[in-house]
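Here is a short briefing to read alongside the model. Keep the sequence and the 3D view open as you go.

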Amino acid sequence: MNAAPTPASVRVEQVRRLLLRARALIFDVDGTLAETEELHRQAFNEAFARSGMDWRWGRAVYKELLRVAGGKERIRAFDQARKSPQPLSDSDIAGLHRIKTACFADLLVKRGCPLRPGVNALISAARERGQRLAIATTTSRENINGLLSAALGRNWSDIFEVIVAGDEVARKKPAPDVYLEVLSRLRLSGSDCVAIEDSANGLVAAAQAEIPVLITRSLYFREDDFTGALLVLDELCELSEP
Ligand code: XBP
Ligand code: MG
């Protein structure tokens, strides 16, 4: 006699069905579509070096700084914590972040950054089912383009009906702004969709927009509190048929 299904496998089946029924799937980018944060961290350090600054963010410091969504906001938080007699101005920060974004683009070309396991399969299956796809991210369009043109080809943006980047809304995650803007442009309500995220900030943002959230743990947010998520997976490929 077969053993009764374990709660985990029942849960996975329920979430798999929810994904199949959703009118749209809304993807976070960093940490969800691809494990990008190590490249971001290296890009920040490269930008500091090119700007003649003695800053260097190790993994432990970066893990703390990642509580702050947004590269410019992260630089500002680090600078303020240092209580420097000459804090960076907003234009200093914007200029430094532009260099960082250029460094990130270079690193993407030099090192590449593959999609996480199961991401491509889920996107392809959703497209075959006629589901709508969207992106809700804190990062910039430039970074999204650099990552996805390499991973999905130069016509990657045809795959996502709606793309909302961090600087296009008033408040970054964990505020719900980016998800509310995606829902508005899709003309859907949160319960029609499923969001795929990797961080507590992302979970809070999507949940405030009343979107059910599937979490795939990433390098820097493994210990985050994902209470309220539909399910927490290590990789999306755990959802595929056995
Ligand atoms: C993650 C972020 C971003 C990236 C760095 O975005 O918080 O700030 O760490 O990119 P998400 P920028 O998980 O919402 O995709 O330097 O361009 O902000
Ligand atoms: Mg993320």
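Predicted model: local features only at pLDDT ≥ 70, side-chain atom pairs only at ≥ 80, totals over all residues.

Strand 1 covers residues 24-27 and pairs in parallel with strand 2 and with strand 4.

**Shell around ligand 1**
- The shell around ligand 1 holds 20 residues.
- Glu37, Gly71, His97, Lys100 and Thr137 are the closest of them.
- Helix 2 (37-50), helix 4 (71-81) and helix 5 (90-111) each give at least two residues to this shell.
- Helix 2 provides the largest share, with three residues.

- Asp30 uses a backbone N or O atom, 2.9 Å from an oxygen atom of ligand 1.
- Thr138 places a polar side-chain atom 2.9 Å from an oxygen atom of ligand 1.
- Asn143 also contributes a polar side-chain atom, at 3.1 Å from an oxygen atom of ligand 1.
- On its own, ligand 1 exposes 450 Å², and the protein buries 95% of that area.

**Strand 1 and its partners**
- Ala24 and Ile26 point one way from strand 1, while Leu25 and Phe27 point the other way.
- All four of these side chains belong to buried residues.
- Strand 2 (residues 132-136) is joined to strand 1 by four bridges.
- Ile26 has Ala134 as its bridge partner in strand 2.
- Strand 4 (residues 193-197) is likewise joined to strand 1 by four bridges.
- Phe27 has Ile196 as its bridge partner in strand 4.

Methods:
Residues numbered from 1 in each chain as written. Chains lettered and ligands numbered in written order. Heavy atoms only, no water. Buried < 20%, exposed > 50% of the residue type's maximum accessible area, 1.4 Å probe, protein only. Pairing = 2+ DSSP bridges. Near = heavy atom within 4 Å. Polar contact = N/O pair within 3.5 Å; in protein donor to acceptor, adjacent residues only side chain to side chain. Areas by Shrake-Rupley, 256 points an atom, 1.4 Å probe, with all protein chains shown as cover.
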